Each structure stands twice: as structure tokens, then as C-alpha cells.
Amino acid sequence: MSASLPPADIRRHFGSDNYAGVCPEVWEALHAADADHVPGYGDDPHTARAQGLFRELFETDCEVHFVFNGTAANSLVIAAACEPFHAVICHAFSHVETDESNAPGFFAHGVRTLPIDSPFAKLLPADVDRVCRNRRDIHASAPRVVSLTQATELGTVYRPGEIRALAEVAHAGGMLLHMDGARFANAVASLDLSPADVTWRAGVDALSFGGTKNGMLGTEAVVLFNPELRRAFKRRCKQSGQLASKMRFQAAQWIGMLSGGAWLARARHANSMAAHLASRIPEIPGARVLYPREANAVFVDLPAALAERLWSRGWRFYNDVGPGGARLMCAWNTSRSDVDQFVSDATLLAAP
Ligand SMILES: *Cc1c(COP(=O)(O)O)cnc(C)c1O
């Protein structure tokens, strides 16, 4: 038996939201699409319908492409925006910087990142402006994209005003604003605003809209608001091995999530489980919540001995995100009893 399997009485732990399975709305939509016999590569009615649902959701004429994962979504947007001498301004803890194995420079040869460290994994306009200006003109790389993550890698959320301020600095410097929305649904649920208000109306040019971590089988949507980025995007998907042959099964997943609002309901649930977990952390001796809990992650300062005991007992959580601490990630299927069981185990194990 694998050592990484939890004891039978631990049903769901808090390692990541991609540990969770696939929600029923997605399976149902996949079965419905399975009944059809339609062309491949996105020239089918399911893909057209899913793209239409995105245009309704965002209240604008955006272009939408489906890819298999978030690394590709981010990298393809960057590749569409950049020449080989360009650079991407991002946070030092961003997925683009720390978790994509140099994919931006692979998809867009020559392109590099310019990471900035600032509190709560949120970029600040003044820092972006400084990095953009302090370049040795032709001798340095030229910043072309500002990439922010919503919700951030530390589970915090940008307000529309913060996004707009970044967009203003980016656009004034001749740059485009990209949003890595691997947890976009959790951010929208947290803000309780329309998807349009937190994206293109706030100046976002392109969004990587995450599906997988919100209960989908394996799809992310690239939503292009700025027509500049649309040229030959489908070719880029094909070239990078991201153009699904049976595209309807990617599209169907989005139809299942968007048509009845499950994308938001599932994210709301994950957020509310995180809120419940954060509210109970003070009961655990020596434990303390590290950052504002705004989406579905709770970062906790846990005594090292307790973290080890929890790990031996079978609980899983990351210790290596950003400046550290235990990252407890809730998912669409986390239950109150999962949270309560974690807290009661931690409280017992914290006893000397
Ligand atoms: C998970 C994640 C992604 C996407 O990762 P893939 O494994 O490539 O799908 C992108 N950005 C952030 C912030 C993430 O947490």
C-alpha cells in the first residue's frame, strides 16, 4: 500500500483542490456530448455553445479557446503577446514564475519573467511602474505583459480597483494585463461581483479561466478580451499540442458548469469550507492563520512538531508555497466534517 494514502477514516485532506474528483454537472454534460457524432478540433455545436456561454457570462464579445491545463493557458497568452525580446512582470510567488518549469520562455522563445516580491502575493502598481521604467532601453528585455493571479497563490483576492490600477500602469507602459485565474471562480465568489467587473471592465486583456481545480475533469479556458491577442491563437494551440481532437468533451465540461451556474456554486462552497476552517484554527494550540482568508485556501503557521504528526497521521497539505506555512486548500467537495475532523485531530495531536 502506498505510504501517501491516508487512513481510511480520513476521506479528504487539504493538499490541493486538484486532489478532488469531478463534479456531477461535468459528468452529466460529458455523457450528453458522448451521444453525438460531430466534427473534431472545435468545429462542433458543443464548442460553439460553450463559447457562447462565455460571451454571455462576460457580457462581451470575447474569443475563447480550451486547453488541457493552466500552464498552457498562461504560456499561450504570453506567447501571443510577446516577441523574443519581451518580458513578463509577475509576482515572485506566481505560478508563472515558480511552477511552470520555464514554460513561458519555452512557448515564447527568449521571453523571461521579471518577478516582484510584495505583500500577500499581490502586485502593486508602483512596483510594476518602477520595473517597467528602470530598464536599460535596448539593452534590457522589454516588459510586455503584466501577469497577476486571481485568487493569488496565497489565497488573497484583488479588488476591481486594484486590478484597474495595475491595468492603467500596464497600458501606459505599452503592456498587456493577463490574469492567471486558475482559481478565478473562487475569486469571483469571494468578491460577489460580475465576472465582467473583475476582468475586462477593470482592464484585463486576457484571462486563464481555471476549470480543473473547480471540479472539472481537465480543461482551462483562455478568454481573450483584447482582439490584438487573437491572431492565429488556434494555431498556437495546435502547435503546442493543446488543440483537443475531440474538443467537444472539453466544451461539454464548460457547458455543464456554466449553463446552470455550478461554476460559482461549487467555488462558493469551497470558499465557505475555507472560512469554516479558518474560523476554527484558533482552537488548535500554537496554530495561527497567516494571511487574510479570502478564497478557498487557509495558510496556517503550525508548530513544526504538530505539522509532522498531522502528516504521519495521513493529513496532506503543502508546506512550500510562497514564504511557507501550511497551505490548507479546500475544494468543491470538502465537507464540514472533513474540516471538523482535521481540527479535532490537530487539537489532539497538539497536546504535549
Ligand atoms: C494550478 C495552477 C495553475 C495551473 O496549473 P496546471 O497544473 O498547469 O494546470 C496556474 N496558476 C495557478 C495559480 C495555479 O494554482
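This is a predicted model: local features need pLDDT of at least 70, side-chain atom pairs count only at pLDDT 80 or more; totals for chains, interfaces and linings use all residues.
Residues are numbered from 1 along each chain as its sequence is written, and side-chain values use heavy atoms, with hydrogens and water left out.

The chain has 13 helices and 10 strands, these being DSSP runs numbered from the N terminus (helices H or I, at least four residues; strands E, at least two). Its radius of gyration, 20 Å, is close to the 20 Å that the globule rule gives for 352 residues, so the chain is as compact as a globular protein of that length; the radius is taken over C-alpha atoms, and the rule is 2.2 Å times the number of residues to the power 0.38. Along the principal axes, the C-alpha trace spans about 60 × 55 × 40 Å. Among contacts (heavy atoms within 4.5 Å) between residues at least 6 apart in sequence, 77% join residues at least 24 apart.

An open, antiparallel sheet is formed by three strands in the order 8-9-10, where pairing requires that DSSP finds at least two bridges between two strands. Strand 8 (288-289) and strand 10 (326-329) stand at the edges, each with a single partner strand, so one side of each is left without a neighbour in the sheet. Strand 8 pairs with strand 9 (residues 297-301) over two bridges in the antiparallel sense, and Arg-288 stands opposite Asp-301 of strand 9. Helix 11 (residues 262-280) packs on the sheet and touches strand 8, strand 9 and strand 10, its direction making about 20 degrees with that of strand 9; axes are lines fitted to C-alpha atoms, for helices over the stretch in contact, and angles run from 0 to 180 degrees between N-to-C directions.

Within strand 9 lies Phe-299, which is buried with a relative accessible area of 2%. Phe-299 and Leu-328 are 29 residues apart in sequence and 6.1 Å apart in space, C-alpha to C-alpha. Not counting residues up to four places away in sequence, Phe-299 touches several others, among them Glu-153, Arg-288, Val-321 and Ala-326.

Lys-213 is placed in the loop between strand 6 (206-210) and strand 7 (220-224). Lys-213 is buried yet has no salt bridge, and the nearest side chain of opposite charge, Asp-17, is 5.0 Å away. A salt bridge is a side-chain nitrogen of Lys or Arg within 4 Å of a carboxyl oxygen of Asp or Glu; Lys and Arg count as positive and Asp and Glu as negative, while His and the chain ends are not counted.

How values were computed
Buried means under 20% relative accessible area, exposed over 50%, partly exposed in between (1.4 Å probe, protein chains only).
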